[in-house]
Protein chains: 4
Amino acid sequence: MLLENRSNPAESSAMTGKLEGIFVPMLVPYDEGGEVNEAELRRFIRWLIEDGVHGLYPNGSTGEATRLTADERRLVTKITCEEAAGKVPVIAGMAEANARESLRACEHAASCGAAAVAIVAPFFYRLTQDSVYAYFAEIARNSPINIVLYNIPSFANPIAVETVQRLAELPRVVGIKDSSGDVPSMMRMIAAIRPSRPEFSFLTGWDPVLVPMLLAGCNGGTNASANVIPQQMRQMFELFRAGDVQAAIRLQHRILPAFDLMLQSFEFPDGFRAGAELNGFSFGFLRVPQTSHQSEERATRKRKLGALLCELGSRT
Amino acid sequence: MLLENRSNPAESSAMTGKLEGIFVPMLVPYDEGGEVNEAELRRFIRWLIEDGVHGLYPNGSTGEATRLTADERRLVTKITCEEAAGKVPVIAGMAEANARESLRACEHAASCGAAAVAIVAPFFYRLTQDSVYAYFAEIARNSPINIVLYNIPSFANPIAVETVQRLAELPRVVGIKDSSGDVPSMMRMIAAIRPSRPEFSFLTGWDPVLVPMLLAGCNGGTNASANVIPQQMRQMFELFRAGDVQAAIRLQHRILPAFDLMLQSFEFPDGFRAGAELNGFSFGFLRVPQTSHQSEERATRKRKLGALLCELGSRT
Amino acid sequence: MLLENRSNPAESSAMTGKLEGIFVPMLVPYDEGGEVNEAELRRFIRWLIEDGVHGLYPNGSTGEATRLTADERRLVTKITCEEAAGKVPVIAGMAEANARESLRACEHAASCGAAAVAIVAPFFYRLTQDSVYAYFAEIARNSPINIVLYNIPSFANPIAVETVQRLAELPRVVGIKDSSGDVPSMMRMIAAIRPSRPEFSFLTGWDPVLVPMLLAGCNGGTNASANVIPQQMRQMFELFRAGDVQAAIRLQHRILPAFDLMLQSFEFPDGFRAGAELNGFSFGFLRVPQTSHQSEERATRKRKLGALLCELGSRT
Amino acid sequence: MLLENRSNPAESSAMTGKLEGIFVPMLVPYDEGGEVNEAELRRFIRWLIEDGVHGLYPNGSTGEATRLTADERRLVTKITCEEAAGKVPVIAGMAEANARESLRACEHAASCGAAAVAIVAPFFYRLTQDSVYAYFAEIARNSPINIVLYNIPSFANPIAVETVQRLAELPRVVGIKDSSGDVPSMMRMIAAIRPSRPEFSFLTGWDPVLVPMLLAGCNGGTNASANVIPQQMRQMFELFRAGDVQAAIRLQHRILPAFDLMLQSFEFPDGFRAGAELNGFSFGFLRVPQTSHQSEERATRKRKLGALLCELGSRT
């Protein structure tokens with residue numbers, strides 16, 4: 001029962017609204033003046049949809065959400081929803097200054113036609129779990145749109161399993177994106193919540209454990225790598241759903257070196273931006289100034305990444 | 001030479017612009033609708049100036065800077081500069097989304113008449129020291145106003161001693177506020193920078209080591225406690241400057257229990273808000289929703305804090 | 001190729017000496033005087049062998065190795081090898097003061113007939129990876145017996161993937177027990193080492209990810225839970241080897257609550273000792289004094305554990 | 001009252017047994033075979049006593065206590081007590097496997113004539129504060145000799161202020177050596193314990209804050225640097241006691257670069273060993289094997305250290 005989630009994501013998503021499959025936490029391209037490059041963003045989204053991702057996730061960490069202004073985040077959400085156009089669901093990320101601002105962003109996302117919003121736990125200040133709970137509960141009780149909790153303990157306050165369980169009592173809370181990569185923690189959440197909320201969605205944001213997380217019962221992932229190798233990420237998911245766990249884990253093994261390089265050898269998320277550039281997109285400069293030494297290193301590492309992606313068959 | 005900084009802060013500040021003495025990282029009061037309570041903020045600032053603090057520091061962590069919108073931060077800066085009115089210097093804090101937004105906020109602070117701005121290191125994402133350097137350098141090369149680096153490694157990326165040293169080569173960088181509480185680290189920074197930049201200002205943001213930090217060579221502090229007990233904080237500084245180190249450390253000892261209670265038993269910075277309420281100000285609700293259980297606990301702890309502050313002679 | 005490790009552990013172990021399957025990091029029973037209870041230890045080992053574990057692992061963290069004297073560790077190794085008597089392989093753990101003492105313990109383990117030794121990374125002092133490498137290399141170049149590296153970063157210096165890779169060039173180094181629970185890290189090690197050392201053994205010491213780790217390519221585990229539920233641990237391994245990954249992960253889910261309780265609600269490894277007591281063994285007092293309050297709590301939690309183990313079918 | 005500790009350490013120590021002043025956590029020299037070099041150890045101790053340290057502290061972290069066997073630790077204690085010969089007090093460190101072994105080591109230290117023992121908090125396993133308390137309480141209730149708690153949270157379980165306070169109710173517990181370097185934490189301990197135990201001794205093990213810690217009320221330090229520059233460490237203490245805090249902190253500033261180099265650029269405690277070698281002693285190889293690359297780096301850094309020590313006036 002805990003683990004029976006083998007329906008087709010596209011179908012079930014259309015039928016039930018359940019969030020399943022591979023969502024792309026989308027990168028944001030900038031133009032020469034440093035502004036959001038709307039035309040390139042639209043072209044990138046169309047490419048992602050054509051390549052078969054199951055859903056879109058603007059304004060996540062990969063999308064440099066906290067480095068955009070509130071207005072820019074709304075622009076990105078609006079563009080994404082327009083391009084998705086009902087073909088794939090959109091989970092609109094947000095990283096606002098406080099609960100009231102989050103609610104305003106929820107209203108905007110709802111008006112754009114997003115399927116749900118994903119709200120990162122409060123960051124900067126360290127909070128007790130009571131305050132983490134109260135923050136999400138305040139939003140969930142007033143939001144016009146469904147909410148996915150976003151747990152990323154390396155960057156923001158952690159959301160403990162007990163807190164997720166309490167929040168899952170609120171109907172607007174329909175899922176969690178967990179970027180901790182902690183498999184037993186995911187199993188504890190699934191065990192605590194799925195029996196009473198079978199439609200609650202568990203998504204992993206830690207790409208190198210996608211298959212182990214699916215095995216543990218996850219419904220899918222929101223994976224930075226899907227900006228670069230969407231077909232391979234979707235294939236991993238589909239192999240698993242088709243019951244060929246061994247083929248899925250072999251693909252997981254093959255993808256790991258490229259993920260490691262993109263994550264560890266660049267300022268996040270610039271490695272994924274470099275990877276997407278290799279697919280013919282123009283992303284402009286990261287929203288953190290870089291020294292000339294860093295720019296030279298980026299060029300070297302991008303060449304190395306190109307070779308790795310060729311081996312993966314993502315480039316010809 | 002390293003440690004000779006015994007001039008009168010008010011005087012020397014007027015003469016040289018050097019940032020010295022006790023700056024208050026000001027709390028922000030909200031009204032019943034949750035908006036910045038402008039009238040109460042002005043009343044609070046006037047009280048602080050009358051009580052003799054050496055300077056004001058709006059939009060620090062204590063001022064919930066990251067929980068305000070960019071517009072609200074500008075409002076707080078403007079109000080503070082208007083009330084300071086040249087009587088005391090203002091260091092305008094900021095916590096913007098990226099370097100470009102920070103520059104815009106620098107321009108605004110300059111137009112308001114702030115003495116300098118204080119910019120927190122990038123937070124949320126973990127950055128290399130090269131990127132921390134490049135972020136501040138980009139701003140420092142384009143800012144119309146002097147810059148104080150703000151190091152708070154428990155909440156944001158750390159600024160390593162070597163990075164501070166590199167940034168001190170830029171004339172616009174005139175000081176550092178360090179909230180690490182790490183005395184040897186402060187000594188390393190002073191040894192690395194003071195010989196070539198004697199006017200560079202070293203301020204500690206960790207109240208319970210104010211006197212040890214002054215002994216180590218600091219020019220002053222930006223201390224949350226000064227929102228609650230401004231006279232005692234200033235007295236600690238003045239006792240030290242007058243050469244009575246033993247009296248200064250006795251006062252440091254006396255103040256510690258109240259600081260510990262305000263810091264550890266409330267969601268930051270709500271303990272300091274509770275303390276300031278005990279002085280007759282109205283601060284409204286913290287910008288993080290609280291459960292009813294938390295609100296009850298706050299009331300209990302506020303009573304305990306009242307007793308501690310009475311012992312300190314800050315209330316009659 | 002990376003993942004093809006489906007041979008029968010008992011057979012292949014006999015044929016090739018490869019370390020595979022479920023090893024028990026054995027608990028140590030004490031008598032009323034606090035001495036190692038030799039008779040009960042022998043009875044416990046015989047029970048484990050009868051219950052079908054694939055191998056024994058005395059003097060791991062679960063065996064309180066660092067709380068035993070060097071002489072006591074040798075006694076436990078000797079008893080274990082005598083009772084194993086060639087029926088199952090023994091990996092003799094050790095936690096000696098320095099490399100020379102480790103070598104002496106290696107000689108002793110070899111003389112007892114152990115299949116290999118497992119050596120924990122240096123602890124207490126924080127070392128560079130160069131020193132971690134040099135420590136193991138010094139032992140590996142002089143040991144008369146094969147060596148398993150023991151990585152437990154929560155208690156001792158971590159052994160980085162690159163260090164494992166360098167050490168795997170030494171023929172005496174034949175495996176690693178990794179208690180980090182980090183699945184991608186395990187995949188990186190397997191990818192780095194298995195191509196050139198196909199017989200190198202990768203064992204996980206983190207029970208709640210046994211199945212994901214097997215899926216990632218591990219050869220087995222050394223699992224504290226096997227002291228309490230050896231049949232279920234072995235069954236998880238065998239279901240996986242038989243290709244029924246879904247049944248294996250269902251069992252992993254079922255076992256998790258008991259593991260969590262044993263790990264988190266007792267001073268390690270006292271939860272596992274309480275579990276083994278419920279199977280009819282007498283373990284005496286943990287080698288850390290406990291307050292009377294702690295002893296009362298232990299009794300309560302042991303009752304709760306008993307109920308969980310009944311549900312698991314490990315008690316009748 | 002809290003801070004009145006200006007008596008002469010030698011005198012008061014003789015009169016009251018209170019542990020005051022600069023204790024040397026002694027390095028251990030090895031001969032070519034790697035054994036404790038007894039003759040050189042005796043020569044080193046005599047030099048330390050002649051250079052005026054207030055006390056000796058064998059078997060601390062600087063003495064590689066956990067890398068010695070229990071027998072070697074006893075040998076070092078015995079030699080130290082013989083050479084001290086009542087001229088200076090000896091605090092005998094220990095790092096035994098469990099409480100019973102610690103008690104045996106206490107008995108040995110008492111029989112050697114040590115003034116007290118210093119017992120490091122349990123390490124490797126992570127313990128609750130209840131267990132940390134119970135460990136020390138078990139020893140304190142049965143020890144024939146006074147006990148100094150040893151808090152070094154970077155290597156071992158921390159001893160919380162509350163736990164120190166509880167343990168200070170036991171008469172055998174007469175002091176704490178705290179290597180955290182946390183000045184406010186030291187102030188909290190002093191505030192909690194000194195009123196009821198005025199003779200309780202607070203010693204800092206973090207050299208670069210010796211003067212701030214004395215200012216905060218400490219009775220002295222156990223400082224690795226005193227192996228290398230005993231005169232300067234003692235002078236810092238004496239300047240402070242004579243009331244010249246500014247001269248003391250200037251010396252603290254001067255000493256910092258050498259301390260940083262010894263601590264950060266060598267495997268601990270090898271930088272201090274290199275420093276002591278520059279004073280004409282022979283220490284042999286560290287008890288952690290080093291690669292040839294590391295040995296070359298050591299030689300380079302030792303030369304740099306020699307230059308720094310010359311500037312400090314410790315070498316001619």
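Lys and Arg count as positive here and Asp and Glu as negative, with His and the chain ends left out. On that basis, chain A of this predicted model carries 32 positive and 35 negative side chains. The centres of the two sets sit 2 Å apart.

Now for the overall build. Chain A is put together from twelve helices and eight strands. How does its radius of gyration fit with a compact globule? For 316 residues the globule rule gives a value near 20 Å, and chain A comes in at 18 Å, so the two agree. Along the principal axes, the C-alpha atoms take up a box of roughly 50 × 45 × 35 Å.

Inside the chain, 65% of the 316 residues are buried. Looking at contacts in chain A with a separation of 6 or more, 74% are between residues 24 or more positions apart.

Here are a few of the percentages for chain A side by side:

| Property of chain A | Value |
|---|---|
| Buried residues | 65% of 316 residues |
| Contacts (separation of 6 or more) between residues 24 or more positions apart | 74% |

A:Met187, A:Leu215 and A:His253 supply 30% of the area that chain A buries against chain C, more than any other three residues.

Methods
Residues are numbered from 1 along each chain as its sequence is written. Chains are lettered from A and ligands numbered from 1 in the order in which they are written. This is a predicted model: local features need pLDDT of at least 70, side-chain atom pairs count only at pLDDT 80 or more; totals for chains, interfaces and linings use all residues. Side-chain values use heavy atoms; hydrogens and water are left out. Helices (H or I, at least four residues) and strands (E, at least two) are DSSP runs, numbered from the N terminus. The radius of gyration is taken over C-alpha atoms; the globule rule is 2.2 Å times the number of residues to the power 0.38. Buried means under 20% relative accessible area, exposed over 50%, partly exposed in between (1.4 Å probe, protein chains only). Contact means heavy atoms within 4.5 Å. The place of a charge is taken as NZ of Lys, CZ of Arg, CG of Asp or CD of Glu. Buried area is the accessible area (1.4 Å probe) that two parts lose on being put together, summed over both.
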